[in-house]
Amino acid sequence: MLPGADDPAALKAIARHADAIATVRDFAARSDALRVVLLVDLGDESPAMLDAARGGAIELTDEGEAHAVPAETPVPASPRALPDIRPAPSSALRADPATGELAAPIGAIANLGHAVLGLARAFGGRSVATAEFATHDPDLPMTIVAREGEPLLLAVGDGRFELPHRSMPEPCTWCGTAVESWDGYRAYEPEGGRRAVFCRLEHVVPWAIRGAHWEPMPAAVEGVEDGLRECAWCAAALEGDHVALVRARGEHRIADGFCGVGHLLEWAKAGGRWRAG
Ligand SMILES: [Zn+2]
Ligand SMILES: [Zn+2]
């Protein structure tokens, strides 16, 4: 049993790291993470570590000493600002125990990755944030590790992946214009493991007319199960070989499915989701 919050050394550590405690609690509650670990960079001093279990109890290690901070202990600080967090239901995150590969709704992993990075960023410097999330298999949680300026790391079972860095723009498949990760459109052909990037919807049209040149999907961590059920143009039920178009607007991802490139083309020509009539 660790000394509790009535211990003077614990009180001092809690006061010193009140905003980190408040922020980790806020992150844990909003992300539905199984476990959150934050290493707070303190410059020349050794980092403080906050290890939060589900429910909000934190073990705080400061100056080499561990203190229990029960979930109900009040702290004199507000949480620091964090990005929008949209936890995916654990049933939607499917991990393969043999390969460690992960199937998730498009955008779900990127959102969680960005959220974990936001937690590390909130404390700056070399601070590291780690969060563990449930998948459909209770024995295979997914772990995301983030530190400012480094690629996001994702681990499931024995599998380890680097998530593409969020701030890296990608060229539009049609015109080459740089498309930021929070902007533009991305077309996916999940079954073929192929995708294309568009700076705007209008560029889907010449791309599709000229024979739909696809690029290989960057990393095997996204896509596959996008949850789309019917063609946004003809309402036909979608098969595994369908095409998806995902619009990025900041943290939001808006996905539409199509029975094939032909109906994606018709839909894009008509102005997409916001077409008149
Ligand atoms: Zn373009
Ligand atoms: Zn269709």
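Residues are numbered from 1 along each chain as its sequence is written, and chains are lettered from A and ligands numbered from 1 in the order in which they are written. Because the model is predicted, local features need pLDDT of at least 70 and side-chain atom pairs count only at pLDDT 80 or more, while totals for chains, interfaces and linings use all residues.

Helices (H or I, at least four residues) and strands (E, at least two) are DSSP runs, numbered from the N terminus. Two strands pair if DSSP finds at least two bridges between them.

Strand 14 (residues 194-198) pairs on both sides. Strand 13 (residues 185-189) runs antiparallel to strand 14 and is joined to it by five bridges. Within this pair, Ala187 stands opposite Ala196 of strand 14. The hairpin of strand 13 and strand 14 has four residues between the strands, and Gly193 there takes a positive phi near 65 degrees. Strand 15 (residues 215-216) pairs with strand 14 over two bridges, again in the antiparallel sense. Here Arg194 stands opposite Pro216 of strand 15.

Burial was assigned from C-beta atoms placed from the backbone: a residue is buried if 20 or more others lie within 10 Å of its own, exposed if 12 or fewer, and partly exposed in between. Four of the five residues of strand 14 are buried, so the strand is largely enclosed by the rest of the structure.

Helix 5 (residues 261-269) also carries buried residues: His263, Leu264, Leu265, Trp267 and Ala268. Their cover includes strand 13, helix 4 (204-209), strand 16 and strand 17.

Helix 2 (18-31) packs with helix 3 (residues 108-123). Axes are lines fitted to C-alpha atoms, for helices over the stretch in contact, and angles run from 0 to 180 degrees between N-to-C directions. The two axes come within 11 Å and cross at roughly 175 degrees. Angles over 145 degrees count as roughly antiparallel, under 35 as roughly parallel, 65 to 115 as roughly perpendicular and the rest as oblique. Helix 2 and helix 3 are therefore roughly antiparallel to each other. Residues are in contact if their C-beta atoms, placed from the backbone, lie within 7 Å. Ala20, Thr23, Phe27 and Ser31 of helix 2 meet Ala115, Leu119, Ala122 and Phe123 of helix 3.

Arg80 lies in the loop between strand 4 (65-69) and strand 5 (94-95). Arg80 has 18 C-beta neighbours inside 10 Å and counts as partly exposed. Leaving aside neighbours within four places in sequence, Arg80 is in contact with Asp19, Thr23 and Ala122. Arg80 and Asp19 are 61 residues apart along the chain, yet their C-alpha atoms are separated by 6.8 Å.

Positive phi values also occur in residues other than glycine. Asp32 has a phi of about 60 degrees. Asp32 is placed in the loop between helix 2 and strand 1 (35-42), and with 15 C-beta neighbours inside 10 Å counts as partly exposed. Ala235 has a phi near 65 degrees. Ala235 is placed in the loop between strand 15 and strand 16 (243-249), and is exposed, with 11 other C-beta atoms within 10 Å.

How values were computed
Contact = placed C-beta atoms within 7 Å.
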